[in-house]
Amino acid sequence: MTQADALERGTVYWVELDPVRGSEIAKTRPCVLLSLGSINRSRRTVVVVPLTSTPEAARFPLLVAVPSAGSNSKARIEHIRCVDKSRLQRRIGHLSPNDLDAIGRALLRVLGMG
């Protein structure tokens, strides 16, 4: 896989989210790239949603199960953010199309667009 391929939508990376403020999600954690690969390759930033392995049950639309990232993995939809590509650490996988669709539906709901 080339570096450009690694920046495709749905790719999961360890992302260094610190420093943060207040209630922002912190530490280095898995995040899924949501912005399009063509945009990711031409910009210095990417749009991500952090993943968590919290035992808390999924609660659409804020906490969405993403089993293709691991059996207990969930996307924290309300913590969507843009990060500099220098925060991307190590590529760890890719979400399934079904999991990406679920995140997309949740984002539309959280943003009042669907």
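In the predicted model, Leu62 lies in the loop that runs between β3 (45–52) and β4 (63–65), and its relative accessibility of 33% places Leu62 in the partly exposed class. Together with Leu108, Val110, Leu111 and Met113, Leu62 makes a nonpolar surface patch of about 430 Å². Leu62 is also one of the residues in contact with Ala75 once the neighbours of Ala75 within four places in sequence are left aside, the others being Val49, Pro50, Leu51, Leu63, Val64, Val66 and Ile103.

The largest nonpolar core comprises 15 residues, of which Val32, Leu34, Ala75, Ile77, Leu95 and Ile103 touch the most other members. Both β3 and α3 (97–110) supply at least two residues of this core, and the largest share, five residues, comes from α3.

Three salt bridges were counted. Glu56, which is partly exposed at 32% relative accessibility, pairs with Arg59 at a closest N to O separation of 1.8 Å, and the side chains of Glu56 and Arg76 meet at 3.6 Å, N to O. Because Glu56 belongs to the loop between β3 and β4 whereas Arg76 belongs to strand β5 (residues 74–76), the latter pair ties together parts that are 20 residues apart in sequence. Arg76 counts as buried, at 16% relative accessibility, and the shared partners join Glu56, Arg59 and Arg76 into one network.

A salt bridge is likewise formed between the side chains of Glu8 and Arg41 (2.4 Å, N to O); since Glu8 lies in the loop between α1 (3–6) and β1 (11–16) and Arg41 in helix α2 (residues 37–42), this pair ties together parts 33 residues apart in sequence.

Notes: Residues numbered from 1 in each chain as written. Predicted model: local features only at pLDDT ≥ 70, side-chain atom pairs only at ≥ 80, totals over all residues. Heavy atoms only, no water. Patch = residues over 30% accessible without salt bridge, like charges linked within 9 Å, V, L, I, M, F, W, Y side chains within 5 Å. Areas by Shrake-Rupley, 256 points an atom, 1.4 Å probe, with all protein chains shown as cover. Salt bridge = Lys/Arg side-chain N within 4 Å of Asp/Glu carboxyl O. Helix = DSSP H or I, 4+ residues; strand = E, 2+ residues; numbered from the N terminus. Buried < 20%, exposed > 50% of the residue type's maximum accessible area, 1.4 Å probe, protein only. Core = buried A, V, L, I, M, F, W, Y, C linked by side-chain atoms within 4.5 Å. Contact = heavy atoms within 4.5 Å.
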